[in-house]
Each structure stands twice: as C-alpha cells, then as structure tokens.
Amino acid sequence: MTGGAGTGTVLDVERVVGVVAAGAQSLVEGLPSALPAADTLIQANAVDYLILAVYFAFVLGIGLLARRSVSDSVDFFLSGRSLPAWVTGLAFISANLGAVEIMGMSANGAQFGIPTVHYFWVGAIPAMLFLGVVMMPFYYGSKVRSVPEFMFRRFGTGAHLVNAISFAVAQLLIAGVNLYLLGSIVHALLGWPLWVALIIAAIIVLSYITLGGLSAAIYNEVLQFFVIVASLLPLVLLGLRKVGGYDGLKAKLTQVAETAPASAGVPPASQQLESWPGNALTGFDNGFLSVVGIVFGLGFVLSFGYWTTNFVEVQRAMASESISAARKTPVIGAFPKMFVPFLTIFPGMLAAVLVKEIVELKQGGSPAGGASGEGVKYNDSLLYLMRDLLPNGLLGLAITGLLAAFMAGMAANISAFNTVFSYDLWERYIRKDRSDDYYLRIGRLATVGATFIAIFTALVASGFGNVMDYLQTLFGFFNAPLFATFILGMFWKRMTPTAGWAGLVSGTLSAIVVAVLSEGTLGGLSLGVIPLSGQGAAFVAASTAFVVDILVSVGVTMVTEPKPASELVGLVYSETPREQRTDPNEETYPWYRRTVPLAGLALGMVVVLNVLF
Amino acid sequence: MAETHKAGAFDIRNVIGGLLAIYGVILTLMGLFGDTETEKTGGVNANLWAGLALLVVGLGFIAWARIRPIVVPEHVEPVSDDPTRPAPRKKPRSGH
C-alpha cells in the first residue's frame, strides 16, 4: 500500500513538471509577440506582477505544505469549524462571489444601472434566508449530500441519468464563461489574440488544479474574497470621489442618458437610478410585468433554484458542527451579500460615466479595443475603470483578485464535472466495479478533456456582449427545472419516479424553446418570434421551465405508480422525523445567535435597502 | 480527552493576515517611493492609504490568531464515504 502511494506521488510530480514546463515554454515562445506592450488595455509593471506572484506562491505553497504535513488539511477544516460563524458565512459567500459575478454585475451596472441590485436583494437574500430557515434542517437531518444522490434515491435511475448529464453539460458551459473571462484578462494584460489567450489560460488552470489540489482551492476561495474587496473598495471610493459622490454620479448618468441618440436605446436616467420596476433590466415595456418577471422569474425560480440546489455552497454550511450552525451560515452570509452590490455594480455605473470607451458604447457607438480585442463590450467596464483609476500597485492587486476568482471558478466547474462524469456517469452506467485507480485515471482524463472542451465553450461565451444574459439563460435551462423537480419531490410524497425524469426533460426543453423563440438570447439561434431579449427573456424561459416541469410532473404522477413510503424516509419532508431536523440547543441561545430572528433582521434590512434605492 | 495541538500556519486567519500584510507593505512602499499617479486617482495617494489599511487589517488577523489560537485534536474521525456516490478511498499516508 505504501509503495503504491509512493509511485502515485512520483507520477504526480512528473506530470506536474511536464505541465509547468509546457506552460513556461509557451510563455517564452509567445513573448516576442507580446513585446509591443503599448497596445495592451492594461499596462502592468513589475510591482503588479510581483503582487500576482506573491498570491500564487501563497496559495500553491500552502497547498504543497498541507500535502506534506502529517496533519494534512484536516487542520484547515477543523479550524473552519471552530471559527466564529461570521467566517463560515464569509466562506459561504466567497464560494459564490466568483468571477462571473464580479464581471457580470459590473457589466450589468454599466448597461442598466441600479436595477442590477435585484440580483442581490431579490435574487439572492430571500433564497439564502429560505435555505437557512427551511431547507438546511432537512438537508442536515436527511443526510442528503448532493443533488444527483438525492435524485437517485428519491426517483431512481431515470432522473439521476438526466440530472447527471445536464449537470455535466452545464458545468462545461459555465467553465467556458470563466475561461473566457480569464482569457480576456490575459489578453488585456499581454495583448495576445483571444484564442491564444484562451489556450494559455486553460494551461494555467490545468496546472493550478494539478499543482494545488483541494487544499489550495479552499484557501484560494477565502483569500480571493479579501483580495477582491481590498481592490474593489479603493476603486469604488476613488471613482465616487472623482464624479463628486453619489449625487455627482446621478447627475453624470442623467447627462449621459439625455445626450444619447434615441437609436442607442439607453434607458432613461430615472430607470437607471431606481431599482423598481426595472424595465431596463428585464426589457419589458410594462412596469407591472417587469416586476412580476423579477419577483417570480429571478426572485423565485432562478434564485431559489440556484441557492437550494447548489451543493458547492450547501456543503460549506454542512461542515459546521450543529444544525444550528449550519442553518445560521447562509443567514449570516446574507449580511455581507447585501452590501456586495456596492462593490460590483457601482464600478459598472462609474465606468459608464468615467470611461470614454464605455460612454461611447452606451451612446450607440462601437469603439475599438476591448478585452477580447474585437470591440468594447459591457463586460470590459471593470477592466477599463481599473485602467483609468488605479495606480500600478493597486492595479496589480485588482488583477490578482480577478485572476484568482476566475481560476477558482473554473477549477470548481472542472472538478464538479470531473466528479459527476467519473462516478455518476462512467462508473454507474458505463464501466462498473473497476479499481479506484481506474476511476482516478478516468477522472484525470476527464479534467484534461473538460479543459479542452471549455476552450470551445469559451468561444461561444465570447459572442455575448454581457455575460450575464448568457449565464441567466443557462441557469434557466438547467437550474429552473431541477429546482421544480427537487422541491416537488421533497414535499410531495406521491410524486413518482417516472414523473421525476419526465419533468426534468420537459422543463429543460421548454426553456430552450422559449430561448430560441426570443430575440438574440441564444445569439444567431434565436428566431425573434417573442419580442423579448436579454435577461427578461431568461427570466421568462426559467419561469416557463418551472411551470412546465411542475405540470408535467403532476400529470405523469397521476398515471404512474409512486414509491412506497418506507423508501422515502429522509427524502421527503413529511417522512423525515422531526428530531432529525431540529437542534435541541437552539432555544437556549440569545436572539442574535438564533436563526429565525437573524433571518428576520436580514429581511428587514433588505426591505429598507429596496426602499432607499 | 484526546491530545491537541495548535493549528498554527494552517489557521486561516494567519494565512489571510500574512497575505494582506505583505500586500500592505508592498503598497505602502509604492505609495512612499513609487509614482503616485495622482492624475489617475484624482489627487489621492491611493497606494499609500490602501497599503496602510491592508497592513492594519492583516496584522489584526494575525494578532487575533495569536490571542485566541485554534486547538485541533490529534486524532480526527475520517470523513465517512457516501455509499451512493463512491469516491476513491483515501490511501493511508506513508509517514515520510
């Protein structure tokens, strides 16, 4: 056994050296073309690269150290458990405050302004509180540890297979979004063509996954949060100072909106500065429908679907020592989450008045340049604002935060794909009962394969001017039906196994049909039959998927045979004993350590924020 | 009562604190001796202020970890495997 482990380590090192050497070689070969540095969007100097190098030395060094140390990363997990709840809450948030969120929200902020806050105050907080108050006790008590596992035990093979395949596809597509954003930063820094940047970025992520391992990934996740806050906060403060505070920002935004030609389709300033009814965001003309779209589509289907079925985050909370602590994790996470929009949306809005390229874009122009080199897009807002406001030094910090976030995001997608592919698909349906080493090899091949495929899905993502449009559409395809099936299967014990997979399939198909019929949601594939575009179309597609899934599930259940109640213990709410779901100590804590009062406070604060903006 | 030791370098607060403090030093030095580029920042020495703030926060984390160290038991129950979703079993460590 010892010899086996030793050989494995040697192989690891060889492979790692190979990957690093290949990366270094391509860097050196690419260098001559990078020399005309004046063309790059961002001019980084030696100090900026030093800051970047320190970060990766830290993360990789700790990964290697943790591997060698006898106590291993167990120390980390345990220290995580005994830390105050606010740190777990932060870890919970930073697993979500990824690249896509930062770039996507600033792009949205630049394009639509304040209504973007709905992604936080309607589209995240209520679902996080619901997760903490209602769902977490059930997860904790039923010992459900992943969505595919729940699907398999609750509905059997059909729903499991559908869920595993759609999950794997979704991870590949989202990894593409992360890779595209990573590639665009490499392009902005070095000026290489996007496809070269994508390949380099893919190599960097591969070596990061192989070198760092899990422990590095966990440290990276928490560290990245602090680095991002440390770079975005000065950016927002400097920007606000430059435009003359929030009033100055309002005045400038109004001025830009009024001077824009009608053809540019810029939303009037009143819509950009008030969160409700958010017509600009949804693309609906009717204010009432817009509110319904935001509350039902985004606030209920997309957001509850995301937070209640996203086990990457749920697992952070379940690592805590008691039900009470697990329940409080998302609730405490809700407090910092409330204020994240000020760090992500404001840079976008500031870019829309301070950066001449973004102003030009917003007024209907098509300025050259951009992170992809194919013209400026809203996605580039944050990078341009960094270029215009941050001195070298802080610039390096900001680049480091973004790169760390994109790598962490993509690494998470790739390893999620890897697990589902190796164990949920390959082992269960293709090759059963092989050795552990066999599945590890399959997993490694899957990692390389997924990274390779992500280069192509990144090219797909690069076709969208605002990655948020694309991402919400994908969530509509995959998360909305999953949420419908999950929630129905959890609360309705009669729901049958056939209904499980039939609902998932019909939900996803209906969302795709809506996206194809709308305007430009799927790029060239969309026919434009329904006059909806952008994120409004995504909300409608998600809502359709949810409703169709529920209707089909109920219909199919009526004509098929349910599972006996004895097989549903721990899987259906009513069949799970109450003592599995409650913490006896909860009552003895003061109010600020109990879940429900904290959740009430968070809800109250969100209502106040909604009234203010 | 199982034997215990301190988490030390693996305490996440030391990691956060160390990184932020290093960045604080780099940025403060940039603010003092580098090009402050005030035409970009609108007259503020952004590097200096951000650097000092990072230094304070970073040292704060390290101090916190010193004052209230985390104690880890020497023997920890291994994580139980999920039977429906088998992961590769962990190999026993070769004590090198």
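The crossing of H8(A) and H9(A) in this predicted model comes out right-handed, meaning that the near helix is turned clockwise from the far one by less than a right angle. Helices here are DSSP runs of H or I with at least four residues, strands are E runs of at least two, and both are numbered from the N terminus. H8 covers residues 147-155 of chain A and H9 residues 157-190, and the two pack at an angle of about 160° with their axes 7 Å apart. The axes are lines fitted to C-alpha atoms over the stretch in contact, with angles running from 0 to 180 degrees between N-to-C directions. H8(A) and H9(A) are therefore roughly antiparallel, a label for angles over 145 degrees.

As for who touches whom (contact being heavy atoms within 4.5 Å), H8(A) brings Val147(A), Pro148(A), Met151(A), Phe152(A) and Phe155(A) up against Thr157(A), Ala159(A), His160(A) and Asn163(A) of H9(A).

Chain B has three helices and two strands, laid out along the sequence as β-α-α-α-β. Of its 96 residues, 39% are buried, that is, under 20% relative accessible area with a 1.4 Å probe, protein chains only. Among chain B contacts with a separation of 6 or more, 75% join residues 24 or more positions apart.

Residues are numbered from 1 along each chain as its sequence is written, while chains are lettered from A and ligands numbered from 1 in the order in which they are written. Local features need pLDDT of at least 70 and side-chain atom pairs pLDDT 80 or more, whereas totals for chains, interfaces and linings use all residues, and side-chain values use heavy atoms, leaving out hydrogens and water.

Note on methods. Parallel < 35°, antiparallel > 145°, perpendicular 65-115°, else oblique. Buried < 20%, exposed > 50% of the residue type's maximum accessible area, 1.4 Å probe, protein only.
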